[in-house]
Amino acid sequence: GHIIAVGDFIKKQFMSSMTKKDMSISVLKNRIDLSKFAKNIHLEEKTEIRRKLGFSLDDFVIIYCGRIIEVKGVKELIEAVLSIDNPKIKVMIVGSSDFKGAQMTDYQSSVCNMAAQHKDRVAFTGYIDNMNLYRYHKSANIAVVPSICEEAFNIAILEFLASGIPTIATRSGGMVEEGTSATTLFINKEYDLVNNIRRAIMELYNDPSKLSVMSKNSVERSRLFDKNMYLNEFENVINQLGQNE
């Protein structure tokens, strides 16, 4: 048979776990619908989204989008934001413990309880349908993907790139294949994660010109992950297999 992996990292991980090293394996990287995230919103809508979350237009808003589970580093992100002595720096948590309809977990409850003591700086949106995510992206200044686990090939980063949102991400698995130093500040997750996140946030907060350049670079980078390329690349993999038989 033949194996198709979603990224170079997962291919290497799989091959390292196998005793048979001459297996047939290709890489076909994840893609997204760029058109969903290329949309813009009016200032009035941005203002309203922030108002509902308890934020104002002059706040510096960080967005996290994903499941609220321990290996995603959500608690560490909140701790990093709260450790910054600047009440204008806030965080928006988009997601739940799993997918739509998921029940509250003990971990999610503990994160919510911690955030409840700082409602002026931490806001939860709950589950947001993918079709509406761009509205929340466009209402934020930067995104953070603080995964503690080894991500295979994180979709959230691709969506942030397409939205033109500068990102901070841990050096986790396949995430380093998605962003570059021009779009993303990569940080170490192996030690002192909270302080690493805090320092990266402050670096971007203090450099608006860098944010602007990263935003443009992100949109450009996202074009490499257009879903319209996926079928052609899949066809190329299949054709190559046919030639090798």
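**View 1. Helix α6 and its buried residues.** In α6, the buried residues are Ala156, Ile157, Leu158, Glu159, Phe160, Leu161, Ala162 and Ser163. Buried means under 20% relative accessible area, exposed over 50%, and partly exposed in between, with a 1.4 Å probe and protein chains only. Eight of the nine residues of α6 are buried, so the helix is largely enclosed by the rest of the structure. The cover over these buried residues includes β3, α5, β6, β7 and α8 (208-222). Contact here means heavy atoms within 4.5 Å. Helices (H or I, at least four residues) and strands (E, at least two) are DSSP runs, numbered from the N terminus.

**View 2. Model and confidence.** This is a predicted model, in which local features need pLDDT of at least 70, side-chain atom pairs count only at pLDDT 80 or more, and totals for chains, interfaces and linings use all residues. Residues are numbered from 1 along each chain as its sequence is written, and side-chain values use heavy atoms, with hydrogens and water left out. pLDDT is the predictor's confidence in each residue, from 0 to 100. The protein has a mean pLDDT of 91, and 96% of its residues reach 70 or more. Among its elements, β6 has the highest mean pLDDT (98) and helix α4 (residues 106-116) the lowest (84).

**View 3. The open sheet.** Six strands run in the order β5-β4-β3-β6-β7-β8, with parallel pairing. Two strands pair if DSSP finds at least two bridges between them. β5 (122-126) and β8 stand at the edges with a single partner strand each, so one side of each has no neighbour in the sheet. Neighbouring strands are turned by 25° against each other on average, direction ignored. Axes are lines fitted to C-alpha atoms, for helices over the stretch in contact, and angles run from 0 to 180 degrees between N-to-C directions.

View 4. Six of the six residues of β4 are buried. Ile89, Val91 and Ile93 point one way. Lys90, Met92 and Val94 point the other way. β3 and β4 pair in the parallel sense over six bridges. Tyrosine 64 has isoleucine 93 as its bridge partner in β4.

View 5. Three bridges join β6 and β7 in the parallel sense. Here valine 145 stands opposite alanine 169 in β7. Strand β7 (residues 167-170) also pairs with β8, again in the parallel sense, over four bridges. Isoleucine 168 stands opposite leucine 185 in β8. From β8 (residues 184-187), Thr184 and Phe186 point one way, Leu185 and Ile187 the other, and all are buried.

View 6. The largest nonpolar core has 32 residues. A nonpolar core is a set of buried Ala, Val, Leu, Ile, Met, Phe, Trp, Tyr and Cys residues joined through side-chain atoms within 4.5 Å. Ile63, Met92, Val94, Tyr136 and Phe160 have the most contacts inside the largest core. At least two of its residues come from each of α2 (43-53), β3 (60-65), β4 (89-94), α5 (133-137), β6 (142-145) and α6 (155-163). Helix α6 gives the most, with six residues. Tyrosine 136 touches Ile49, Ile63, Met92, Val94, Thr125 and Ile128, not counting residues up to four places away in sequence. A second, separate core of 30 residues includes Phe60, Ile62, Tyr107 and Met114.

View 7. A search of the whole structure finds zero disulfides. A disulfide is a pair of cysteine sulfur atoms within 2.5 Å. The sulfur of cysteine 65 is 15 Å from the closest cysteine sulfur, in cysteine 149, which is too far for a bond. Cysteine 65 is buried, at 16% relative accessibility. Cysteine 149 is partly exposed, with a relative accessible area of 22%.

View 8. Helix α7 (residues 193-205) lies across β3, β4, β6, β7 and β8. The helix runs at about 160° to β8. Aspartate 192 sits in the loop between β8 and α7. Its phi is positive, about 50°, although it is not a glycine. Aspartate 192 is partly exposed, at 39% relative accessibility.

**View 9. Arginine 51 on helix α2.** Arginine 51 belongs to helix α2. The residue is exposed, with a relative accessible area of 52%. Arginine 51 and glycine 73 are 22 residues apart along the chain, and their C-alpha atoms are separated by 26 Å.
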